[in-house]
Amino acid sequence: MNKEESIRALTLMLDSRYFEEKTELMFKLGLIHGTTHLANGQEASQAGLCMALEDGDWIVPTHRCHGFTICRGSDPYAMFSEMLGSSHGLAKGLGGSMHMPDRKHFNLGSSAVVGSGVPIATGIAFYNRRKNLRNISVAIFGDGASSRGSVHEAMNIASVWNLPVLFYCENNHYGMSAPADRMVSIKNIAERGKSYSIESSTVDGNDVRTVLEAVRNARSYILENSRPYLLEVNTYRQKGHSKSDRRVYRTAQEESSWLERDPITLFERKLVTENILSTDEISTLHESRRQYIEECAQRAVADSSDRLCMTDVRNLVYAGGKS
Amino acid sequence: MTYREAIRKALDDQMTLDENVILMGEDIGLYGGCFKVTEGLFQKHPDQVIDTPVSEEGFAGLAVGSAMMGLRPVIEIMYADFFTLISDAVINHAAKTHLLSAGQFSCPLVVRLPEGSGTGHGAQHTQSPEGAFLSTSGIKIVSPSNPNDAYHLLCEAVRDDNPVLFFESKLLYPMEGEISDEVTPIGKAKVLREGKDITIISFSHAVTTALRTAQMLSEHSVDATVIDLVTLKPLDESTILSEVRKTGRVFMIQDTNAFGSVSSEVSAMISSDEDTFRSLKAPVRIISGVDAPVPFSKHLEAQMIPDEKDACQIILRSLNKA
């Protein structure tokens, strides 16, 4: 990874982190209602994946979608606006934290039904293959969703139909409160690929370079062979499942051992050791990204009284007409 | 042309017109479909007729994703009973695509669902489950009662930018009829027969029963209007209400059971409109199937759905003419 790419990767990771931190604060202050699923600690997975994609490569993220959405190119202002329920949101305030589709940035939006986005992303691959497009689609899911029948059905179909889809398993070791080692009958979820004759691998999801390289390789493999691929990245959800989670199901020791492997800190250490960036340059970048996210949030709050009305809602029930 | 052939012709014509129209389902290719509806289509459109693994949830979700990209998939669910397996794709995803993306995406998906009892296939292959989808916003539901409507509604469903559930009656597959040049649009009910005494409202296979009932009633000097709902969602409120106001006496005939059904919703709609409510000379009466899983035994299965004799008797009794 050259200097330019390194700065890009760190920038995306910092934007994601500061976005989550600001979101958490806004929830605590009561500025946003509903719920949210923070992805602190998963930034390397999200930045690494999105940096390896090209225009036309669609993603279907999970409910923990903020980082993927930022890294795919969406405007944090439109994302904050979405959570504030304003008409400046990506879905004009109709979706909320779990629904941030952005056609311009090849993001179909998440399914908030865990695992249901996987066959949908497979459908995009089906479209790409029919149209002979040199693009992949990415079905993002977690260790929890890996137990869904829809995921297994989609893998089988993708294999027998040779669909250019990347099954991207972001294993953060918890499906809500349930640890993967109690809920999933296999240690490495990537091994599920064998059952469907799908090539697969497991990599360190907290190392952004590793993720980027793994996705680039997977992407090339998919397009060259017209075959699906299953990539599992191991990472850790530093926060609870959602804003109301007290995390009684895991130990402080486990949490601190993963915090030592924080993907941003890990990456920064390497950049300094390898003389790619100085600590001063990193501090400056931190400050500028924090300010950028802060400014996006403040603008979104200032504009948050712009809202759709119920007539708009009724008109959007059906494409091309009223309900 | 039979009802079965009319559906086949609609699929054939739409695939010929638009390469984005594709069919997906189990055994719909060389085998020609469980009910031979797609027979010959694979030979004619080999790239557009696609056999799937036994993975309703998987291929329905896949169809949703491909429709959001611009394909116009028509998926066949072998028996409507298996709607349970596609309900997540249809209810949580297809139906909400347009609103949840604030109009960035639409989902032009058609789901064909062969339904109905009378075939001796037992309780898991004979249901008419359209009622299960009525409360879902964002989908359209059509249910043709004859070959002409089957042809036109399916063509319209494929051209529609919204998810459309196409409930086809297995009992009607052999029904003969002509295809007219006049399109049957989604969202319009049809007045099949005009009478001055009562209004019978029906849909799908039960329309045949309703027309026979009207014929029998005429022998008892009761003159009945018969309305075919054609589209079950969104309902054609204006046609239904204006026809009801003409007679003030409404009878509904359907093959499904009454609770949570199309007829109970139409009845509620009639009562909720003030002018129409005031025009009623008697409460709305629903004549429906039995509220039980469909039994296998032939003589029992035959009693599950109302026939014209049942309907005629109930109506005459309500009119104090029995």
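This is a predicted model: local features need pLDDT of at least 70, side-chain atom pairs count only at pLDDT 80 or more; totals for chains, interfaces and linings use all residues.
## Terms and basis of the model

Residues are numbered from 1 along each chain as its sequence is written, chains are lettered from A and ligands numbered from 1 in the order in which they are written, and side-chain values use heavy atoms, with hydrogens and water left out.

The model scores ipTM 0.96 and pTM 0.97.

In chain A, 5 strands form an open sheet with parallel pairing, in the order 1-2-3-7-6. Strand 1 (58-60) and strand 6 (199-204) of chain A stand at the edges with a single partner strand each, so one side of each is left without a neighbour in the sheet. From one strand to the next, the twist averages 20 degrees.

Strand 3 (residues 165-171) of chain A runs parallel to strand 7 (residues 229-234) of chain A, and 6 bridges join them; Cys169(A) has Glu232(A), in strand 7 of chain A, as its bridge partner. Helix 5 (residues 117-130) of chain A packs on the sheet, touching strand 1, strand 2 and strand 3 of chain A, and its direction makes about 170 degrees with that of strand 2 of chain A (axes are lines fitted to C-alpha atoms, for helices over the stretch in contact, with angles from 0 to 180 degrees between N-to-C directions).

## The interface between chains A and B

The contact (heavy atoms within 4.5 Å) takes 38 residues from chain A and 44 residues from chain B. Between the two chains, about 3,300 Å² is buried, of which carbon and sulfur atoms give 66%; buried area is the accessible area (1.4 Å probe) that two parts lose on being put together, summed over both.

Chain B and chain A are linked by 3 salt bridges, each a side-chain nitrogen of Lys or Arg within 4 Å of a carboxyl oxygen of Asp or Glu. Arg148(A) forms a salt bridge with Glu57(B), the closest N and O atoms being 2.5 Å apart. Helix 3 of chain B gives the most to the side of chain B that touches chain A, with 11 residues.

Conventions. Two strands pair if DSSP finds at least two bridges between them. Helices (H or I, at least four residues) and strands (E, at least two) are DSSP runs, numbered from the N terminus.
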